[in-house]
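Me: I'd like to learn how to read a helix in a model. Could you walk me through one?

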Amino acid sequence: MRRIIIGISGASGSVYGYRLLQALRGVEGVETHLVHTASAARTIELEMHERIADFEALADVVHHDDDLASSISSGSFVTEGMIVIPCSMKSAAAIAYSLNDTLLVRAADVCLKERRKLVLVVRETPLHLGHLRTLTQLAEIGAVILPPMPAMYAKPQTVDDVVAHTVAKALDQFGIERHLFKRWETPGPSKTG
C-alpha cells in the first residue's frame with residue numbers, strides 16, 4: 001500500500017485539495033492520510049459549497065493538526081511523501097524552518113528529513129523577497145515548489161480545467177496518472193507560410 005499524506009492549509013484555493021482527494025479516491029493501492037489546519041476549515045467554508053467533513057470523507061485516514069503523536073509525525077511510519085495543497089506562505093515558512101508545532105508542519109518536516117517527496121502547492125501572489133527566500137530555502141532542502149499555474153496549451157475551458165491541471169502536475173510527482181488534462185504533444189507543421 002502506497003501512503004500519501006495530503007495537507008490542506010488555510011490558503012485560498014481549497015478546491016485544489018478537494019480535487020486532489022477526489023482524484024486519489026479511485027486509485028487502487030494508494031492510501032490517503034489527510035491533515036488540515038483549523039484555518040483550512042474556515043477557508044473551505046468561505047470558498048466552497050463543501051464542508052471540511054466532505055474533504056475528510058474522501059480520505060482513507062484523517063489526522064488532527066494538534067495531534068503531534070499521530071502516525072504521520074514519525075519517520076518510522078513509511079509514506080511515499082506529502083502534498084500540501086493549497087500551501088499558505090505561513091505553512092511554507094514553518095516547514096522551511098522546521099517549526100514543528102502542528103502536525104501538518106511536522107509531517108512535512110518528516111518527509112524532508114526522510115528524503116521523501118514533499119510537494120508544496122504554494123498559493124500567494126505577488127511574492128515579495130521574503131516569500132522568495134522561503135521558497136528558495138524549501139527548494140534547497142528538498143521540497144518541490146509547484147505553484148498553481150495554468151497551462152494555456154491545454155486550452156482550459158473552465159476553472160475546473162485549470163484546477164485539474166495543477167492536481168495532475170502534483171500527482172505526476174508521485175508517478176500517478178489520472179488523465180485530468182491534455183498533455184503537450186509535438187504540434188503539426190505551422191499553417192503560416
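This is a predicted model: local features need pLDDT of at least 70, side-chain atom pairs count only at pLDDT 80 or more; totals for chains, interfaces and linings use all residues.

Me: Which residues of α6 are buried?

Reply: Buried means under 20% relative accessible area. In α6 that holds for His-131, Thr-134, Leu-135 and Leu-138. Viewed down the helix axis, these buried residues fall within an arc of 95°, so they line one face of α6.

Me: And which exposed residues sit on the face turned away from the buried side of α6?

Reply: That face carries Arg-133 and Glu-140.

Me: What covers the buried residues of α6?

Reply: The cover includes helix α4 (89-96), along with the strands β5 (117-122) and β6 (144-145).

Me: What about the phi of Gly-142, which follows α6?

Reply: The phi of Gly-142 is positive, near 115°.

Me: Let's move to Ser-91 in helix α4. Is Ser-91 buried or exposed?

Reply: Ser-91 has 9% relative accessibility, so it counts as buried.

Me: Leaving aside neighbours within four places in sequence, which residues does Ser-91 contact?

Reply: With those neighbours set aside, Ser-91 is in contact with Ser-9, Leu-104 and Val-105. As for Phe-77, 14 residues from Ser-91 along the chain, the two C-alpha atoms are separated by 22 Å.

Key. Residues are numbered from 1 along each chain as its sequence is written. Side-chain values use heavy atoms; hydrogens and water are left out. Buried means under 20% relative accessible area, exposed over 50%, partly exposed in between (1.4 Å probe, protein chains only). Helices (H or I, at least four residues) and strands (E, at least two) are DSSP runs, numbered from the N terminus. The arc is that of the directions from the helix axis to the C-beta atoms. Contact means heavy atoms within 4.5 Å.
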